[in-house]
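Look at the chain as a whole before turning to its parts. The paragraphs below go through its sheets, its domains and the contacts between them.

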Number of protein chains: 2
Amino acid sequence: MGVIGMTSFARRAERVQPSAIREFLALAGQPGITSFAGGYPDPTLFPMRELHGIYDALLTDGNASALQYTASEGLPELRALVAARLSADGMPCTADDVLITQGGQQGLDLTAKLFVDAGDVIVTERPTFLGALIAFNPCEPDYRSVPMDDEGMDTDALEQVLRTTDRVKLIYTVPDYQNPTGRTMSLARRRRLVELAQEFDVVVLEDTPYRELRYEGERLPTIKSLDTTGRVVHLGSFSKILAPGLRLGWALATPEIREKLALLKLAADTQNGTLNMRAAAAYLGGYDIEGHIAGMLPTYRHQRDLMLASLQEHFPPGITWTRANGGLFTWVTFPAGLDMAAFQRDVLIPQAGVIVVPGTPFFADRPEANHARMSFSGVPDERLVDGVRRMGRLLSQALT
Amino acid sequence: MGVIGMTSFARRAERVQPSAIREFLALAGQPGITSFAGGYPDPTLFPMRELHGIYDALLTDGNASALQYTASEGLPELRALVAARLSADGMPCTADDVLITQGGQQGLDLTAKLFVDAGDVIVTERPTFLGALIAFNPCEPDYRSVPMDDEGMDTDALEQVLRTTDRVKLIYTVPDYQNPTGRTMSLARRRRLVELAQEFDVVVLEDTPYRELRYEGERLPTIKSLDTTGRVVHLGSFSKILAPGLRLGWALATPEIREKLALLKLAADTQNGTLNMRAAAAYLGGYDIEGHIAGMLPTYRHQRDLMLASLQEHFPPGITWTRANGGLFTWVTFPAGLDMAAFQRDVLIPQAGVIVVPGTPFFADRPEANHARMSFSGVPDERLVDGVRRMGRLLSQALT
């Protein structure tokens with residue numbers, strides 16, 4: 001009797017905890033706070049005028065199907081348009097191979113549900129995308145994290161993990177401009193990853209939300225494009241190339257897997273919103289999204305350059321950071337003794353009004369406290385420089 | 001090695017099967033087919049003009065936040081507006097108590113995830129909403145179904161189930177104009193259900209997508225409004241009162257539960273689409289949704305009356321059906337020997353071009369083949385009468 005207690009919850013509820021990022025983001029909107037925490041795309045880059053025209057044309061008499069139910073797999077024309085873009089990116093496919101998802105996040109949720117029983121092992125990069133851990137946790141997996149360097153996941157270390165670990169079901173990677181490190185996996189490592197996945201009969205979950213935000217360096221083949229055995233699930237998102245508020249992403253997978261993912265999608269939420277899918281299809285069909293993306297890159301490239309130059313100028317010795325060729329993030333490593341969460345709470349926020357994301361929650365296992373993810377997106381130049389400067393000053397005091 | 005096989009899938013994947021409804025719906029759009037299968041709301045009733053004006057105003061310069069990320073729990077102003085409507089419906093609450101979901105379906109998914117471990121028992125009505133079974137199945141529950149009559153779930157039979165069954169975690173009910181039967185649970189039964197849930201320390205999942213489509217009879221208190229111990233999770237949806245293509249619903253629950261549901265929502269898909277939430281908030285805030293709903297009722301009431309009169313006129317003796325006071329459905333029961341799925345496949349579709357939903361998949365356990373769900377929504381009058389007439393003729397032939 002009495003009020004429902006924790007004991008009534010399912011076991012998976014124990015694995016569901018508040019996101020450190022979302023807590024900080026509550027602060028981010030407050031005046032006087034400079035946030036490097038979000039990783040939101042720059043809202044000034046959203047194609048507002050084009051979307052206005054698209055919704056204006058969609059919401060007209062005789063067009064009620066834009067507000068009606070549609071197929072769980074997604075609007076057929078949007079699937080076809082996404083398939084064409086994926087084909088152009090070296091992954092030949094048709095509309096049937098594509099599942100529209102509620103942002104990239106849902107692709108993570110559905111893939112974990114399809115492959116991971118409680119106690120199965122998911123291998124991640126070290127560090128890895130926090131949101132993926134949040135998506136995977138309800139499936140009650142165990143984790144093994146694999147170290148990275150500037151070529152991405154260390155595939156020798158991966159091989160060692162696969163040789164010595166039972167029940168590995170998934171290898172999760174963000175190969176392009178990873179969240180949180182900004183690192184990109186080299187072509188040699190991509191090939192080796194595919195070989196190892198085949199040798200050890202494991203599924204690879206390739207997550208590519210930042211792939212098209214490329215500021216320098218060549219475009220590398222996706223892991224999916226290197227796979228010949230249908231064991232790679234490839235995820236993408238419109239959030240960074242169009243707008244996150246539409247909540248649209250996609251999954252590309254071999255038919256047997258795609259069909260099961262679609263059934264799990266049906267179970268989870270029936271379908272994506274028809275209206276937004278119609279709008280995205282109209283955008284892809286009627287506008288030049290490649291030109292739109294190309295038009296965004298100078299802004300992000302400039303913000304990245306400014307962030308890296310500011311870190312170089314204002315951060316004291318003993319601190320290192322990654323240099324991202326794309327995406328929205330740099331990963332900062334402080335001397336081993338510095339607990340970034342405590343430093344932020346006790347010093348950085350009260351004395352400088354600056355927030356970052358302390359690194360601990362990005363580790364699937366054996367967390368390290370002396371890191372932070374810093375996003376360079378969407379912070380005006382002066383605020384960015386000033387925020388880094390104030391942060392550098394406090395770090396200098398703390399580290400001497 | 002080789003292609004991923006079924007053996008690689010998680011155990012829950014075995015519980016994920018294609019929906020019988022969605023298969024039939026593929027036929028529904030074809031010319032010459034009269035579909036009583038869908039249960040889609042009537043698209044001519046969507047407030048197209050109002051939504052056009054709302055999106056027109058939202059997608060303007062300076063309003064980029066409509067396309068940006070927002071809170072996982074949902075847009076604060078939409079939560080507040082939903083809370084005000086729920087409060088007016090006898091469930092006093094604030095914005096904090098409300099979680100915005102991706103349609104009603106996601107509320108089913110999240111609630112099952114929160115409470116149901118593999119092997120736990122969910123009690124359902126007999127028959128029950130097929131989509132709920134689809135949502136629950138990935139949690140690998142066992143089911144016990146409880147007979148219904150014209151007052152809804154038989155609470156004496158429910159008590160018997162609760163007394164004799166271990167590990168019951170959830171009682172799932174659609175108390176208002178149930179899908180698929182159109183039945184409404186009486187006030188006495190609602191009270192008794194709450195008593196039993198307290199006595200046996202079980203959570204009630206109250207699903208109310210049709211609650212506001214009331215054609216006759218008084219509005220009964222929700223089960224949530226009768227509960228004093230915080231053990232009812234109340235779900236609702238904008239799909240039938242605004243438009244399904246926006247994919248917006250809500251969950252109302254006690255803070256401890258609501259918080260966990262929000263974390264599972266974050267894990268599943270981060271958030272609902274910001275733009276659609278802004279639009280729904282603008283609609284609730286700027287237009288008269290009660291008037292809009294009241295304006296839809298005569299159309300649905302007329303369609304229901306026409307369906308019931310047509311069944312009476314054209315169906316042969318030995319067939320019975322429910323009389324719904326609201327919602328979109330009637331539940332037809334044929335003589336025990338008739339397998340409706342086979343009859344539809346072999347006779348009804350090829351000879352009459354009529355589709356219904358055969359009843360088997362609406363049973364959580366011990367399925368019966370001699371039922372069908374028929375929706376009266378969205379079929380033009382002449383087609384409706386003609387479809388029922390042709391169906392009746394074939395049934396007369398089959399049953400003599």
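This is a predicted model: local features need pLDDT of at least 70, side-chain atom pairs count only at pLDDT 80 or more; totals for chains, interfaces and linings use all residues.

How many bridges join strand β3 of chain A to strand β4 of chain A? The two strands, residues 121-126 and 142-149, run parallel and are joined by 6 bridges. Strands here are DSSP runs of E with at least two residues, helices are runs of H or I with at least four, and both are numbered from the N terminus. Two strands pair if DSSP finds at least two bridges between them.

Residues are numbered from 1 along each chain as its sequence is written, chains are lettered from A and ligands numbered from 1 in the order in which they are written, and side-chain values use heavy atoms, with hydrogens and water left out.

Both strands belong to an open sheet of 8 strands in chain A, ordered β2-β9-β8-β7-β6-β3-β4-β5, with mixed pairing. β2 (98-101) and β5 (152-153) of chain A stand at the edges with a single partner strand each, so one side of each has no neighbour in the sheet. Helix α6 (residues 155-164) of chain A packs on this sheet and touches β3, β4, β5 and β6 (168-173) of chain A; contact means heavy atoms within 4.5 Å. The direction of α6 makes about 160° with that of β4(A), where axes are lines fitted to C-alpha atoms, for helices over the stretch in contact, and angles run from 0 to 180 degrees between N-to-C directions.

A second open sheet in chain A has 4 strands in the order β10-β11-β14-β13, with antiparallel pairing. Its edge strands, β10 (320-321) and β13 (357-358) of chain A, each pair on one side only.

Now to the domains. Chain A is divided into domain 1 (6-46 + 291-398) and domain 2 (48-286), with bounds from an automatic or database domain assignment. Between them, 35 residues of domain 1 of chain A are in contact with 37 residues of domain 2 of chain A. The rule finds 5 salt bridges across this interface, a salt bridge being a side-chain nitrogen of Lys or Arg within 4 Å of a carboxyl oxygen of Asp or Glu. Asp365(A) and Arg126(A) form a salt bridge through their side chains, at 3.4 Å from N to O. On the side of domain 1 of chain A that touches domain 2 of chain A, the largest share, 7 residues, comes from α11(A).
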